[in-house]
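Welcome, and please have your viewer ready. We will go from one selection to the next, with a short note on what is there at every stop.

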Amino acid sequence: MTYKRQTPTFLVDDTTGQLGFVNPVTGNDSNAAQRSANIVTFTASGTYTPTPGMVMAELYVIGGGGGGGGGCLQAASTACSGAGGGGSAYYAYAKLSAAQIGASQTITIGAGGSAGVAATVASTSGGTGGVGGTSSVGTLLKSYGGGGGAGGQLATSSGGGGGGGGQGPGAAGTGAAGGNGGNGAGNGGYGAAGSGASSAGIGNLGAGGSGGPISGAASNGSTSGSGAPGGASGGGITAANAVTNGGSAWQALAGGVFTNATAAPAAAGSAPNLIIGPLQVGGAGCGGGSSLTVAGAGGTGGNYGAGGGGGGSAQNGGTAGTGGAGGLGAVAIVEYF
């Protein structure tokens, strides 16, 4: 399954100040008169000083994606779940005048959530992935990060991290439930795919990461509007000692296409990127495949804001897979003159 997003080029009417666009299909302008534009992008914290002559600006802010959990180690002939995927960050948007922005604004870039540590002691669960950091433009606009996925579990399913919201981060998943999404964002899945959510006119709320079922199978990642997707869960092991693929995640391909991509057993996930509008949005990390010996690591969440994949689980004496770190946050400011 694939789908393609087409993003318009935004313009401003020179007389009325009304925001318009160039139709991506026809190439026609929605405004007869235009203002010139300049894009300023931040991938590290710093200070934004408006370019002289700027009259208004569009702000695009995305926080860090949540990290995937680490795989567990379990005894032979005993089922275990793969680790949960990390939730994605909130994609915030605002259009402000030069007066509202002022002389300068402090830019804060949220880090991607840390990768969950794989279990190294026999018959233990994996570590939980870290929550993604918050990105902001002063106090004007803020995006909270996604929650971390739970580690692979011995006797229960694992929970995915919740998606980031506009007023709070996604919560980390646990061995008992998926993490709640911040401010209406998608919840992490518990032994199932996480949910996505979006809110027109406000931004795109983060998607929840997927949880790993106790059956040993993995769950696929989720998407959310035009925001970044949540990470997929790692593969578990069945009571019959069968290994499984990691979950598939929404991955970005050339030409603006998203598609599902799956990691095979014992293979690490991957996470290409996609540019949507002025800010690049990452594809999510696939889950690492499970193995009786050496399991795959979860894929890293793409920059910017995507969730990392959960690590695959292994049997005692083997090597479990680490989780994938979440994607970095970013800020893009489109200045109009």
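Start by selecting the open sheet of four strands, ordered β5-β9-β10-β11 and paired in antiparallel fashion. Strands here are DSSP E runs of at least two residues, helices are H or I runs of at least four, and both are numbered from the N terminus; two strands pair if DSSP finds at least two bridges between them. At the edges you will find β5 (46-48) and β11 (141-143), each pairing on one side only. On average, neighbouring strands of this sheet are turned by 20° against each other, direction ignored; the axes behind that angle are lines fitted to C-alpha atoms.

A word on the source: this is a predicted model, in which local features need pLDDT of at least 70 and side-chain atom pairs count only at pLDDT 80 or more, while totals for chains, interfaces and linings use all residues. Residues are numbered from 1 along each chain as its sequence is written, and side-chain values use heavy atoms, leaving out hydrogens and water.

Now zoom in on β5 and β9 (residues 105-108), an antiparallel pair joined by three bridges. Select Gly46 and look across: Ile107 in β9 stands opposite.

Next, pick Lys95 in strand β8 (residues 91-97).

Then move to Gly236, in the loop between β12 (203-204) and β13 (249-253). Gly236 counts as buried because its relative accessible area is 0%. Ala79 is 157 residues away from Gly236 in sequence and 7.5 Å away in space, C-alpha to C-alpha.

Zoom out and colour by pLDDT, the predictor's confidence in each residue, from 0 to 100. The mean for the protein is 78, and 71% of its residues reach 70 or more. Confidence is highest in β9, at 97, and lowest in strand β1 (residues 2-4), at a mean of 31. Select residues 1-33, where pLDDT stays under 50, and then residues 195-203, where it is also below 50. Where pLDDT is low, the predicted coordinates should not be read in detail.

Finally, show the whole protein: one helix and 18 strands, with 55% of its 337 residues counted as buried.

Note on methods. Axes are lines fitted to C-alpha atoms, for helices over the stretch in contact, and angles run from 0 to 180 degrees between N-to-C directions. Buried means under 20% relative accessible area, exposed over 50%, partly exposed in between (1.4 Å probe, protein chains only). Contact means heavy atoms within 4.5 Å.
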